[in-house]
Amino acid sequence: MGLFSFFKKSDKVGKDSAIDSKDLTGKKAGLSTKSEVKTKLSFHPDWHVPQEQQYVFNFLANDLQPLKPNQLSLAAINIEEDKKTSAWNVKAFFRSSLSQPIELGEIELLLLDKEGNRIGAQTFNFKELGVIPPNSARPWVFEFDKASIEGNEIPEEGWTIAFNLISLRGHQLDLDETWKKQLPKEQQEKLAEIVKDLPKLGKQEVNFTGLQVHLNDDQSLHASIFIRNGNDKAINLEQLPLEIVDANAKLVAKGSFKMDPVLTVQPNSTKPWTFIFPAELVTAEGADLSRWTARVPQ
């Protein structure tokens, strides 16, 4: 497989990023009487590992710290850059302290520097790793393409490779505390269903989708909008220019809103918010609000 040449006697096991298996699989594992689990080295069944290379793998595996029961983990080893493609070959152990075998599918992995800042992200098909036996550690090389790398250079010691749990949990409703207090549980659940049925966002997309609009007797306009964040990082809105356009593409309202306090939309989440345009910012005569659009002017 050409994989063995990546692992060397000079390699060292670095930081572990362990999670509860149910956070990744969505299934609750059985109870365990153990307080910690020592994982054993496991090779892919298709590998034929030379004797000398087995020594290297055993040496690295002996440095792994025990896991708690029912955890999945990625233990960092080393990163080497491919001089031809500028890809990063990230060496790590995929570890399981489950009492039963496990096979996973596509999962996005993150590379984080020692401060926890993201320096890379890419989706990998874990089926290529095969079925992982109970309480085991399987060495692997995850190749992060040049396009997936956000850092300028290979990080120093203390970096980690981790599962991106935010992308796995699915897009969610991010309801502000003021909305939670005002809305009955039934309406909150209805909003969550609407969010679930909205078109899927791109991974770094921020989108504004109209929810409800109302023109008051005083000619002020109340527009409730879904602020949709496809990023795996929270976004903070301090100042938001906003326009409302009717069914005939006519500009109905235009204003700029200072968010005080700052409005935060959590990662991979949608937050509903109501914006009130005073009458002097509204041109509602002849407007058709049977369909309407909220947009941020460029």
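In which strand is the place of Ser269? I found Ser269 in strand 14, residues 269-277. Helices (H or I, at least four residues) and strands (E, at least two) are DSSP runs, numbered from the N terminus.

I noted that this is a predicted model, where local features need pLDDT of at least 70, side-chain atom pairs count only at pLDDT 80 or more, and totals for chains, interfaces and linings use all residues. Residues are numbered from 1 along each chain as its sequence is written, and side-chain values use heavy atoms, with hydrogens and water left out.

**Ser269.** Is Ser269 buried or exposed? Ser269 is buried, at 3% relative accessibility. Buried means under 20% relative accessible area, exposed over 50%, partly exposed in between (1.4 Å probe, protein chains only). I listed its contacts (heavy atoms within 4.5 Å). Leaving out residues up to four places away in sequence, Ser269 touches Arg169, His171, Gln172, Asp174, Ile227, Arg228 and Asn229.

**Lys180.** I looked up Lys180 next and found it in helix 4, residues 177-182. Lys180 is partly exposed, with 39% relative accessible area. Lys180 touches Leu175 and Gln188, again not counting residues up to four places away in sequence. I also checked Thr270: its C-alpha atom is 14 Å from that of Lys180, and the two residues are 90 apart along the chain.

**Helix 2.** Which residues are buried in helix 2 (residues 51-61)? I found Gln53, Val56, Phe57, Leu60 and Ala61. What covers these buried residues includes strand 3 (71-81) and strand 4 (88-96). The face turned away from the buried side carries exposed Gln51, Glu52 and Tyr55.
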